Amino acid sequence: MRLILRLPKLRIMIEKEQSHHHLLKQMLRIRMFEEACAEQYSAGNIRGFLHLYIGEEAVAVGAMELFSLEDAVFATYREHGHALMRGISARSIMAEMFGKASGCCGGRGGSMHLFDKETLFLGGSAIVGGALPIATGLALANKLQNRNRLSVCFFGEGAMAEGEFHEAMNLAALWKLPVLFICENNLYAMGTALERSESETNLVRKVESYRVRCASVDGMDVLAVREAVKRAIRDVKELGTPYFLECKTYRFRAHSMFDPELYRDKSEVEEWKKRDPIDLLSNILRSQNLLDNTEIATMRSVVKEEIDDAIAFAEREPLEDVDNLYRFVYAEESLDG
């Protein structure tokens with residue numbers, strides 16, 4: 001009788017340990033990928049803008065794997081981590097940032113415009129708040145066609161000052177649309193503190209004015225994010241109505257590689273680093289004797305191998321053939337002059 005009672009508990013404990021190790025590895029995967037991107041940018045292999053997700057890994061890792069393959073995901077221009085977690089290969093993403101033809105967008109999108117039809121990762125958008133009305137429109141299409149699917153939209157708190165945000169909230173609530181809005185509130189948008197741009201800094205209270213169900217969660221705690229997103233998905237699918245989830249997080253790096261970062265104190269950044277999402281989960285696992293330094297070293301080694309392979313792949317892949325450069329571009333019928 002005791003064995004019958006203990007086996008389920010043991011099974012749950014093992015599954016929980018494996019799940020937590022997986023979450024830790026995925027956060028390490030994003031962190032090390034982003035660090036590699038910074039190195040490649042400095043080396044001149046990645047051009048244009050580059051926005052790193054370092055510090056915010058718990059949000060993408062806690063959320064992305066909970067969505068079904070039929071749920072469409074929209075992201076911001078800080079979307080490398082979301083793309084990795086959606087199942088787009090590190091090779092495909094790195095090649096895209098190198099501008100190579102084998103990238104997920106044929107090298108035409110770059111860092112800010114990752115897109116993958118197969119996984120329904122419907123794009124990073126360079127326009128702040130630009131994905132909000134599109135995600136809302138897809139939710140309307142899903143409802144009209146009786147498809148039990150989510151439309152998921154990630155955005156930063158800076159987008160909440162845009163007109164698209166208010167339009168999307170209003171229509172999603174008015175038409176009762178199955179859309180999940182996930183706000184990654186890192187406090188500074190592009191470079192302006194929240195209290196300097198919003199008269200109401202309680203984002204949940206702001207959304208409640210649209211009669212949208214909402215919640216707020218510690219975005220540095222991957223386990224808390226995971227549970228909050230589970231509840232949000234269940235809510236949207238059972239009620240068929242929108243849901244807003246605020247994830248309170250923080251980016252450890254500047255807004256972009258061009259950002260001199262003069263708008264916040266270095267001491268504040270260091271204080272937030274004490275709540276590094278990777279360290280938080282590592283410490284939990286260590287305290288329960290579920291993780292040791294050897295296991296972390298093994299995780300890092302496996303991840304490094306994947307990233308090194310992605311870089312080597314991107315380096316050796318060809319640029320798009322010159323004859324194809326006019327594809328997908330509106331132009332005159334005749335180019336002869």
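Which residues in α4 are buried? They are Ala 90, Ser 92, Ile 93, Met 94, Ala 95, Glu 96 and Met 97. The model is predicted.

**Helix α4**
- Helix α4 spans residues 90–97 and is mostly covered, with seven of its eight residues buried.
- Gly 99 follows α4 and has a positive phi, near 75 degrees.

**Salt bridges**
- The model has 16 salt bridges.
- Asp 309 and Arg 91 form a salt bridge, with their closest N and O atoms 2.7 Å apart.
- Asp 309 belongs to helix α12 (residues 293–316) and Arg 91 to helix α4, so this pair ties together parts that are 218 residues apart in sequence.
- Asp 309 is partly exposed, at a relative accessible area of 30%, and Arg 91 is partly exposed at 31%.
- Asp 235 and Arg 213 meet in a salt bridge at 2.6 Å, N to O.
- This pair links helix α9 (residues 222–239), which holds Asp 235, to strand β5 (residues 213–218), which holds Arg 213.
- Asp 235 is buried at 10% relative accessibility, whereas Arg 213 is partly exposed at 45%.
- Lys 273 and Glu 270 pair at 3.6 Å, N to O; both lie in helix α10, three residues apart, about one turn of the helix.
- Arg 31, Glu 57 and Asp 276 are linked in a network of salt bridges.

**Glu 157**
- Glu 157 sits in the loop between β3 (151–156) and α6 (163–174).
- Glu 157 is buried but has no salt bridge, and the nearest side chain of opposite charge, Arg 251, is 7.1 Å away.
- A polar atom of the Glu 157 side chain lies 3.1 Å from the backbone nitrogen of Asn 186, and one lies 3.1 Å from the backbone nitrogen of Tyr 188.

Definitions and conventions. Residues numbered from 1 in each chain as written. Predicted model: local features only at pLDDT ≥ 70, side-chain atom pairs only at ≥ 80, totals over all residues. Heavy atoms only, no water. Helix = DSSP H or I, 4+ residues; strand = E, 2+ residues; numbered from the N terminus. Buried < 20%, exposed > 50% of the residue type's maximum accessible area, 1.4 Å probe, protein only. Lys, Arg positive; Asp, Glu negative; His and termini not counted. Salt bridge = Lys/Arg side-chain N within 4 Å of Asp/Glu carboxyl O. Polar contact = N/O pair within 3.5 Å; in protein donor to acceptor, adjacent residues only side chain to side chain.
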